[in-house]
Structures are given as C-alpha cells and as structure tokens.
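Hi,

Here is the structure I promised to pass on. Have a look at it first, and then read on for what turned up.

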Amino acid sequence: MMDRRGWGLRLVTLGALLALGGCQTWLSRPLVDDARCADVSAEIYFQPDSADLGPDAQQLIQAAADQAQGCTVTRVDVLGLADAPGSSSTNLTLPQARAEAVTAALAAARLPAAQFHIQAAGDAGAVTQDGQAQPMRRRVDIVLRLAASG
C-alpha cells in the first residue's frame, strides 16, 4: 500500500515528464520566423511606349534578387500593366513585353530558381468608374514569394 508521499512523488514526476514532453515539441519549432525570407514586392516603372529597363529599374530588380538570396523562392508573380491611352492591342502587347523584360532581368540578377507566373493585364482597370485615367500604370508589379531554406 502506497502512502500519500508516494502518490505525491508520482504526481510530481508525471507532471515533470508531461512538461518536458511539451517542451520538446515547442523547441523543435523555430522561435522566430526568418524575417529576411518574407515576400518581396516591387513596382518597376517604364517610359511611355517603352519596355526598356532604366538604371533605376535595374537597381530595384537587383535589390529584390539580392534580398531573395539564401531563401527558397517558391514563385514569382509578374504583372504587366498599361495606361489607358493607346489601342487595346498595343496596351496588351506592351505590358507583356515589359513583364518579359523584368523576368529576364530577374534571371540575369541571379534570382534563385523559381516558377514564374507572368501576366499582362493591359489597360484593364486603367480607367476609374467615373472615367478618370489611373496614374502611373506604365509598370510591372512583381512579388517574390519566399520561404526560409531548410
């Protein structure tokens, strides 16, 4: 027959084992997410009727690629946009050419291998509901979807 002290010792031991078991699970997860592998977004602007990347755009693309170093790039979203002026066909082909120029520049900047999702929205959404042209639509929006390597 076990006395009260024996039961108390068993309960304390059981509690300690449960607590340590929970600590093992807690310790196996990272304490802090790797913030340097957070998604990177950038807007690359172009001159009217041009798909040429200027020096500022090249620097921005290089900085985005540099930030992705050491991370796993799960996907790259590239969206080409256009202003409202011009024909619809031009406003679709020009953003596609801009998106392809940015994609090539990212590859040249040694962005870690990734799946690219390239789209050209053209002039869709370039005019507000009240008929006003959206400013600064001559651009490509990029989002580098990053995850910690491991």
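Predicted model: local features only at pLDDT ≥ 70, side-chain atom pairs only at ≥ 80, totals over all residues.

First, the overall picture. The protein has three helices and four strands, and from the N terminus on they run α-β-α-β-α-β-β. Of its 150 residues, 29% count as buried. The protein exposes about 9800 Å², with carbon and sulfur atoms supplying 57% of that. Among contacts with a separation of 6 or more, 81% are between residues 24 or more positions apart.

Now the strands. S2 (residues 71-81) pairs with S3 (residues 116-122) in the parallel sense, over six bridges. S2 is also joined to S4 (residues 139-148) by nine bridges, and those two run antiparallel.

Asp-77 is worth a click. This residue sits in S2 and counts as buried because its relative accessibility is 13%, under the 20% cut-off. The Asp-77 side chain makes polar contacts with the side chains of Arg-75, at 2.7 Å, and Arg-145, at 2.9 Å. Leaving aside neighbours within four places in sequence, Asp-77 is in contact with His-117, Asp-141, Ile-142, Val-143 and Arg-145.

On to the salt bridges, where the count comes to five:

- Arg-145 pairs with Asp-77, the closest N and O atoms being 2.9 Å apart. Arg-145 is in S4 and Asp-77 in S2, so this pair ties together parts that are 68 residues apart in sequence. Arg-145 itself is partly exposed, with a relative accessible area of 31%.
- Arg-139 pairs with Glu-43, with 3.8 Å between the closest N and O atoms. That one links distant parts of the chain, from S4 to S1, 96 residues apart. Arg-139 counts as buried at 14% relative accessibility, whereas Glu-43 is partly exposed at 40%.
- Arg-139 also forms a salt bridge with Asp-141, where the closest N and O atoms are 2.7 Å apart. Asp-141 counts as buried at 19% relative accessibility.

Asp-39, Arg-75, Asp-77 and Arg-145 are linked in a network of salt bridges.

Then there is H3 (residues 90-108). At 1.5 Å a residue, its 19 residues should span 27 Å, and the end C-alpha atoms are 27 Å apart, which agrees. Its buried residues are Asn-91, Leu-94, Pro-95, Arg-98, Ala-99, Val-102, Thr-103, Ala-105 and Leu-106. What covers the buried residues of H3 includes S1, H2, S2, S3 and S4. Just after the helix, Arg-110 takes a positive phi of about 65°.

Last stop, Arg-138, in the loop between S3 and S4. With 25% relative accessibility, Arg-138 counts as partly exposed. Not counting residues up to four places away in sequence, Arg-138 touches several others, including Tyr-45, Phe-46, Asp-83 and Arg-98. Arg-138 and Ala-51 are 87 residues apart in sequence but 9.3 Å apart in space, C-alpha to C-alpha.

Cheers

Terms used. Residues numbered from 1 in each chain as written. Heavy atoms only, no water. Buried < 20%, exposed > 50% of the residue type's maximum accessible area, 1.4 Å probe, protein only. Contact = heavy atoms within 4.5 Å. Areas by Shrake-Rupley, 256 points an atom, 1.4 Å probe, with all protein chains shown as cover. Polar contact = N/O pair within 3.5 Å; in protein donor to acceptor, adjacent residues only side chain to side chain. Pairing = 2+ DSSP bridges. Expected span 1.5 Å × (residues − 1). Salt bridge = Lys/Arg side-chain N within 4 Å of Asp/Glu carboxyl O.
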